[in-house]
Amino acid sequence: MTVPRWVFAVAGLGAVFVLLPLVAMALRVNWTEFVPLISSESSVAALLLSLRTSLAATALCVVFGVPMALVLARTDFWGQKVLRSLVLLPLVLPPVVGGIALLYTFGRRGLLGQTFGLLGIEIAFSTTAVVIAQTFVALPFLVLSLEGALRTVGSRYEAVGATLGASPTTVLRRITLPLVLPAVLSGAVLSFARALGEFGATLTFAGSLQGTTRTLPLEIYLQRETDPDTAVALSLVLVVVAVVIVSLAHRTGEPSRRRARALS
Amino acid sequence: MARVTRSLATAFVIGLTLTGCGSATPSPTGSAAALGGDITVYAAASLQGTFTELAASFEAANPGTTVVLNFAGSSALVTQIIEGAPADVFASADTDNMARLTDAALGDGEPVDFATNVLTIAVPPGNPAGITDLTDLTRPDVRLVACAPEVPCGAAAETVAASAGVTLSPVSEESSVTDVLGKVTSGEADAGLVYVTDVAAAGAAVEGIEFAEAASAVNTYPIVPVTGSASADVARAFVDYVTGSGGAAVLRAAGFGAA
């Protein structure tokens, strides 16, 4: 189709709306002090902690999200629709609400917290709490993108494999997963990005301590109080990381769409 | 030495001389000319309870005026005002943030100190960790939550620790006193360092434990009208009201000290 000209105009306005704030922020960066600002001890600690916890959260998202997407895409059972909406809830929930819910689950006086306490596991104020919060908010991203890919790919190859005598696990390992691998990767990258930006649930549930629970967004929030220059510099770092991640996700996501089209 | 009180407000009122108007109900400002207009008051988060009450009684005493309140951390509020937010009055929880406003030439006249606040130890009801004073907070089994040194309540925590000669190692350093209180009321932390007024406002959700070294870090609250107000006379009247006897009565009742 030929896109009408006025669509370009509105699309351009939309793009400016998204990009202008980023430009405005970049203009406020104190470039002469940029490197010292982002390489201070607390900044580096926050960045490393963010990368570490986001990687762990992404691994958990893959471990739990892939089976969840498979169940949602390949099976049919009573209440599945309701279950899907509930599983995707963290997508629309304000992160603070997620943090409060996690607190009442894993907190010292929470539903599971007391059991963990008896086992000698303390979750509150630990790096584990950060990973839990990040996994909670990032999991739907992987489930959602993978479930869509599974549905687009369809189950014809899987059916053929099964008639040739392959066990369900063999079908999963040899046919389904290789087919949707690009979607798993792009879903994982999106989950990583979401985990990296996690703020509200972490602040509510995990607390804020340098090197243990103070991730990059929390460090930015704190520095904003006294040192706006550092806050802006670190924000720019986070934006750059996010841009790299989003472009990565796009690149890995492309082949899956192309392959899906070829298959359908 | 230390004393557990359910509401520190009571303890704080004792020994403080209430000025002229001793009644808890604030009296009208007494300005002869009728005031009219809307003002927006940017006030520190810790003033939420008292300023909500004061704004209502100010409006009642001055029909035709409307006071819109905006509460947040003092630092965030100053940043917003400097960036052009439409504030008519600014009430800060510390003098440093007020200095940022006056340095930007946005204060209409000299700021007036109208209240003080000191730190106290907040513990969950029943005090499960058996905290009695500041040195108990250094025990390895006590999970202490405080503010980060970057924010006023955290700076105050460092000062009191230094004057007591102890080193605090909190399990979490929060950005606001509200977050510290939340960790205590939810039972996640065994103790938190917050302001006496926070404990008073939290009611039965926490218990407060006074300690002598708190006096080494007294936080002063200044207030000033912001320049360029469309209702400068109302803004000035509100500042006079808060710094006057009526304001003092409400603030003292909430646990604030006299400036």
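Reader: What makes A:Arg74 and A:Glu158 a salt bridge?

Author: Their side chains meet at 2.8 Å, N to O. The cut-off is 4 Å between a side-chain nitrogen of Lys or Arg and a carboxyl oxygen of Asp or Glu. The pair therefore qualifies in this predicted model.

Reader: Why is the pair said to tie parts together?

Author: A:Arg74 lies in helix α3 (residues 41–74) of chain A, and A:Glu158 in helix α9 (residues 156–163) of chain A, so the link joins parts 84 residues apart in sequence.

Reader: How many salt bridges does the rule count over all chains?

Author: The total is 11. Between chain B and chain A the count is 4.

Reader: What makes B:Arg143 and A:Glu122 a salt bridge?

Author: The closest N and O atoms are 3.3 Å apart. The limit is 4 Å, so the pair passes. Side chains of opposite charge can pair when their charged atoms come close.

Reader: Which other pairs does the interface hold?

Author: The rule finds 9 residue pairs in polar contact across the interface of chain B and chain A, both residues at pLDDT 80 or more. In chain B, α3 (74–82), β8 (172–174) and α6 (177–185) each supply at least two residues of the side that touches chain A. The largest share, 3 residues, comes from β8(B). By kind, that side of chain B divides into 9 nonpolar, 5 polar and 10 charged residues.

Reader: How do you know that chain B and chain A are in contact?

Author: Contact requires heavy atoms within 4.5 Å. By that test, 24 residues of chain B are in contact with 20 residues of chain A.

Reader: What area do chain B and chain A bury between them?

Author: About 2,000 Å², 46% of it on carbon and sulfur atoms. In chain B, the residues that lose the most area to chain A are B:Arg143, B:Glu150 and B:Glu188, together 29% of what that side buries.

Reader: How do you know that α2(B) and α9(B) cross, and with which hand?

Author: Helix α2 (residues 48–61) and helix α9 (residues 245–253) of chain B have axes that come within 9 Å and cross at roughly 145°. The crossing is right-handed. From α2(B), the contact is made by B:Thr50, B:Glu53 and B:Leu54; from α9(B), by B:Gly246, B:Gly247, B:Val250 and B:Leu251. These residues divide into 3 nonpolar, 3 polar and 1 charged.

Reader: What is the pattern of chain A along the sequence?

Author: Chain A reads α-α-α-α-α-α-α-α-α-α-α-α-α. There are 13 helices and 0 strands in chain A. Its C-alpha trace spans about 65 × 65 × 30 Å along the principal axes.

Methods. Residues are numbered from 1 along each chain as its sequence is written. Chains are lettered from A and ligands numbered from 1 in the order in which they are written. This is a predicted model: local features need pLDDT of at least 70, side-chain atom pairs count only at pLDDT 80 or more; totals for chains, interfaces and linings use all residues. Side-chain values use heavy atoms; hydrogens and water are left out. Buried area is the accessible area (1.4 Å probe) that two parts lose on being put together, summed over both. A polar contact is a pair of N or O atoms within 3.5 Å; within protein, one must be able to donate a hydrogen and the other to accept it, and residues adjacent in sequence count only if both atoms are side-chain atoms. Helices (H or I, at least four residues) and strands (E, at least two) are DSSP runs, numbered from the N terminus. Ala, Val, Leu, Ile, Met, Phe, Trp, Tyr, Cys and Pro count as nonpolar, Asp, Glu, Lys and Arg as charged, and the others, Gly among them, as polar. Axes are lines fitted to C-alpha atoms, for helices over the stretch in contact, and angles run from 0 to 180 degrees between N-to-C directions. A crossing is left-handed if the near helix is turned anticlockwise from the far one by less than a right angle, and right-handed if clockwise.
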